[in-house]
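Here is a short report to read with the model open beside you.

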Amino acid sequence: LEAEETRQVVVIGAGQAAAQAIQSLRQGGFQGGIALIGDEPHYPYQRPPLSKAFMKGEFDEERLYFRPAEWYQEARVDCRLNERATRIDRSQRLVIAGENIYSYGKLIIATGARPRKLPVPGADLAGVFDLRSLDDASRLRAAMKPGKKAVIIGAGYIGLEAAAVARQMNLEVTVLEMAPRVLARVAGPELAAFYEAEHKRQGVSILTNCSLATLEGKDGQVTAARLADGTRIEADLVLSGIGIIPNEELAREAGIACANGILTDRDGRTNDQHVFAAGDCAARPFVHYGRAGRLESVHNAIEQGKLVAAAILGQNRPVEDCPWFWSDQYDLKLQIAGLNTGYDQTITRGDPATRKFAVFYLKQSRIIAADAVNSPPEFLLAKKWIAAAEKVAPQRLGDTSIPIKDVVAQSAT
Ligand SMILES: Cc1cc2nc3c(=O)[nH]c(=O)nc-3n(C[C@H](O)[C@H](O)[C@H](O)COP(=O)(O)OP(=O)(O)OC[C@H]3O[C@@H](n4cnc5c(N)ncnc54)[C@H](O)[C@@H]3O)c2cc1C
């Protein structure tokens, strides 16, 4: 390592991407100092269980943490929890966090994203929740008592996962969605229809094409959601799940290029060679798709954490995998491979009524994405095919008499 690179690495944000970058740096032999500045009171933890098993009370807080506190001590990571970085001075290579000033050789910005706030009157009433952090989840869980009326705004993955848990905990659940269908931003109509029907079967009331006008309250506590058409839906608690905004302001104010995310190259490097960004806050090239963008997933945070560490260590770039994601609702394990933007055809393999099927998204006969419900082999092969830009014969893909592993092998001949 060059002298300059053995100086301190400073990481802003103590989440999934930060935890991975630090671990990869130490595993890769980085000997310099590492400072981790996180504005939450917690060591880095995983967020996915917050809308799944943790919310249901089936996953202890201890298990959320990637590493116990001692690990950071042993790895000589100076953890500055409960501390918020407020400014980056690139000319002097400093991070300012209130009264504290940290000098860096390399800086990793891993600040994640924050929930978009409901743009309606009443959004700040008691009983209205976001779901991003462990503390959010703990507050929400405490309010989720059987028999209570929950209104969930937004039918994306987090909203629907929370709806599933709330139903399983015997709350009355209504989901409000502005778009004509659930999962409108992330999934095709086939998958959306399946999930909508499943939630209704489980007793969730789903209203699509609806516009929330206001949240009504009494004595400071939310009591109802009022729609633009006047409909009033009683609520003991409201969960807002209407998307997230990347925490890119620190970078932007320091003159680092941002456009819906901190812009990076394949190694996670920004337009400043000493500054890197990783995770939900970063927008990077998607090598399998010939374009760039921002992803909100565990795989993305882990992969970028590894890429950044390798770049800082001067090691070869790790192989970039096809993007992937998952969502658990009821007994349905959904695994998503790839990015479906721009598909021109979908093929459903298997019968949704069996609760085991996959929707493949094709663009010019190439698979660009797949949503696999209770179907791990379809998910794993789709990931492989996307990475290899395989062409498929659509009729073979939809024919369950042909084993999935043989679909591409034989269609190529
Ligand atoms: C409820 C929930 C369920 C999810 N489920 C799934 C799932 O099933 N599958 C999946 O793949 N992904 C899931 N995700 C997404 C996944 O958790 C995120 O993509 C991942 O956590 C991103 O990691 P990150 O390190 O970029 O950001 P984060 O984990 O959000 O960490 C960023 C940290 O930086 C802190 N920070 C921000 N600004 C500053 C500052 N100025 N100074 C100091 N600290 C700062 C933040 O407070 C936060 O602690 C889920 C997310 C949520 C919230």
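A polar backbone atom of Trp-326 sits 3.0 Å from an oxygen atom of the ligand. Keep in mind that this is a predicted model. Val-298 also takes part through its backbone, with an N or O atom placed 2.9 Å from a ligand oxygen atom. For Glu-40 the side chain is involved: one of its N or O atoms is 2.5 Å from an oxygen atom of the ligand.

How much of the ligand's accessible area does the protein cover? On its own the ligand has 1000 Å² of accessible area, and the protein covers 95% of this.

## The shell around the ligand

Three elements each supply two or more residues to the shell: helix 1 (16-27), helix 8 (298-313) and strand 22 (324-329). There are 33 residues around the ligand, and those that come nearest are Asp-39, Glu-40, Lys-52, Arg-132 and Asp-280.

## A look at Thr-174

Now to a single residue. Thr-174 belongs to strand 11, which spans residues 172-176. Is Thr-174 buried or exposed? Its relative accessible area is 13%, and because buried means under 20%, Thr-174 counts as buried.

Which residues is Thr-174 in contact with, leaving aside its neighbours within four places in sequence? They are Ala-150, Val-151, Ile-152, Ser-205, Leu-207 and Ile-233.

How values were computed
Residues are numbered from 1 along each chain as its sequence is written. This is a predicted model: local features need pLDDT of at least 70, side-chain atom pairs count only at pLDDT 80 or more; totals for chains, interfaces and linings use all residues. Side-chain values use heavy atoms; hydrogens and water are left out. A residue is near a molecule or strand if one of its heavy atoms lies within 4 Å of it. A polar contact is a pair of N or O atoms within 3.5 Å; within protein, one must be able to donate a hydrogen and the other to accept it, and residues adjacent in sequence count only if both atoms are side-chain atoms. Accessible areas come from the Shrake-Rupley method with a 1.4 Å probe; for residues, only the protein chains shown count as cover. Helices (H or I, at least four residues) and strands (E, at least two) are DSSP runs, numbered from the N terminus. Buried means under 20% relative accessible area, exposed over 50%, partly exposed in between (1.4 Å probe, protein chains only). Contact means heavy atoms within 4.5 Å.
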